[in-house]
Amino acid sequence: MTEQSEQQPAPPASTPDIWTSVEDLWTWLDANRRHGGETGLVLRMLKLTEEVGEVAQAVIGATGQNPRKGITHTWEDVQGELCDVVITALVALRTLTPDAEGVFGRHLARVTERSLGPSPITHPSDGPAPRPVDRTP
């Protein structure tokens, strides 16, 4: 990993709260849905597959894997498509439960602990707990 790729740009000051945005998007989609009930639920979940396909299309385009088309996308396009996947997944989760934030937070904590081990308890003023360093070659 290069030094440049390790640096994360600060989010813009106007970044909306993710869960407020998810709720707003869910409300808008729910008010404008064409199908209700189980059909609407299934279609909302299938939208996620569509977005993942767009990630694949962008990766193929960014790497020029289709010799007939050549390079048709950038890695920035891939980033945008990945963001669409995350947004779509969070809205789908909100479709299943009004406590999407809580469900996601608890699941993320379980996955993080399973993968990285329990975090040492730190005082809030100490900043974030240090993460284990990956030493694999």
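1. Basis. Because the model is predicted, local features need pLDDT of at least 70 and side-chain atom pairs count only at pLDDT 80 or more, while totals for chains, interfaces and linings use all residues. Residues are numbered from 1 along each chain as its sequence is written, and side-chain values use heavy atoms, with hydrogens and water left out.

2. Overall make-up. The protein chain has five helices and zero strands; helices (H or I, at least four residues) and strands (E, at least two) are DSSP runs, numbered from the N terminus. Along the sequence the pattern reads α-α-α-α-α. Of the 137 residues, 15% count as buried, where buried means under 20% relative accessible area, exposed over 50%, and partly exposed in between (1.4 Å probe, protein chains only). The chain exposes about 10800 Å², and carbon and sulfur atoms supply 59% of that area. Accessible areas come from the Shrake-Rupley method with a 1.4 Å probe; for residues, only the protein chains shown count as cover. Taking contacts (heavy atoms within 4.5 Å) between residues at least 6 apart in sequence, 49% join residues at least 24 apart.

3. Helix α3. This helix covers residues 37-63, 27 residues in total, and its first and last C-alpha atoms are 41 Å apart, close to the 39 Å expected at 1.5 Å a residue. The expected span is 1.5 Å times one less than the number of residues. The buried positions of α3 are Gly40, Arg44, Glu51, Val55, Ala58, Gly61 and Ala62, and they pack against α2 (18-31) and α4. Gly64 follows the helix and has a positive phi, near 65°.

4. Val42. A residue of helix α3, Val42 has a relative accessible area of 43% and is therefore partly exposed. Its C-alpha atom lies 9.7 Å from that of Ala92, 50 residues apart along the chain.

5. Between α3 and α4. Thr74 is found in the loop joining these two helices. With a relative accessible area of 37%, Thr74 is partly exposed. The C-alpha atoms of Thr74 and Ile60 are 9.9 Å apart, with a sequence separation of 14 residues.

6. Helix α4. The 22 residues of α4 should span 32 Å at 1.5 Å a residue, and the end C-alpha atoms are 32 Å apart, so the two values agree. Buried here are Val78, Glu81, Val85, Thr88, Leu90, Val91, Ala92 and Arg94. Their cover includes α2, α3 and α5.

7. Glu81. Glu81 belongs to α4 (residues 75-96) and is among the buried residues of that helix. Leaving out residues up to four places away in sequence, Glu81 touches Glu51, Glu54, Val55 and Ala58. The C-alpha atoms of Glu81 and Glu54 are separated by 6.4 Å, although the two residues are 27 apart along the chain.

8. Nonpolar core. The largest nonpolar core has six residues: Trp19, Val22, Trp26, Leu90, Val91 and Ala100. Such a core is a set of buried Ala, Val, Leu, Ile, Met, Phe, Trp, Tyr and Cys residues joined through side-chain atoms within 4.5 Å. Helices α2 and α4 each supply at least two of its members, and α2 gives the most, with three residues. Ala100, neighbours within four places aside, is in contact with Trp19, Leu93 and Arg94.

9. Charge over a ring. The charged end of Arg94 sits over the ring of Trp26, 3.6 Å from its centre. The criterion is NZ of Lys or CZ of Arg within 6 Å of the ring centre and within 35 degrees of the ring normal. Arg94 is one of the buried residues of α4, and Trp26 is a member of the largest nonpolar core.

10. Aromatic pair. The structure holds one aromatic pair. Trp19 and Phe104 form this pair, which is tilted, with 5.9 Å centre to centre and 55° between the planes. Rings of Phe, Tyr and Trp (its six-membered ring) pair if their centres lie within 6.5 Å; planes under 30 degrees apart count as stacked, over 60 as edge-to-face and the rest as tilted. The pair links distant parts of the chain, with Trp19 in helix α2 and Phe104 in helix α5 (residues 100-116), 85 residues apart. Trp19 is buried at 18% relative accessible area, whereas Phe104, at 34%, counts as partly exposed.
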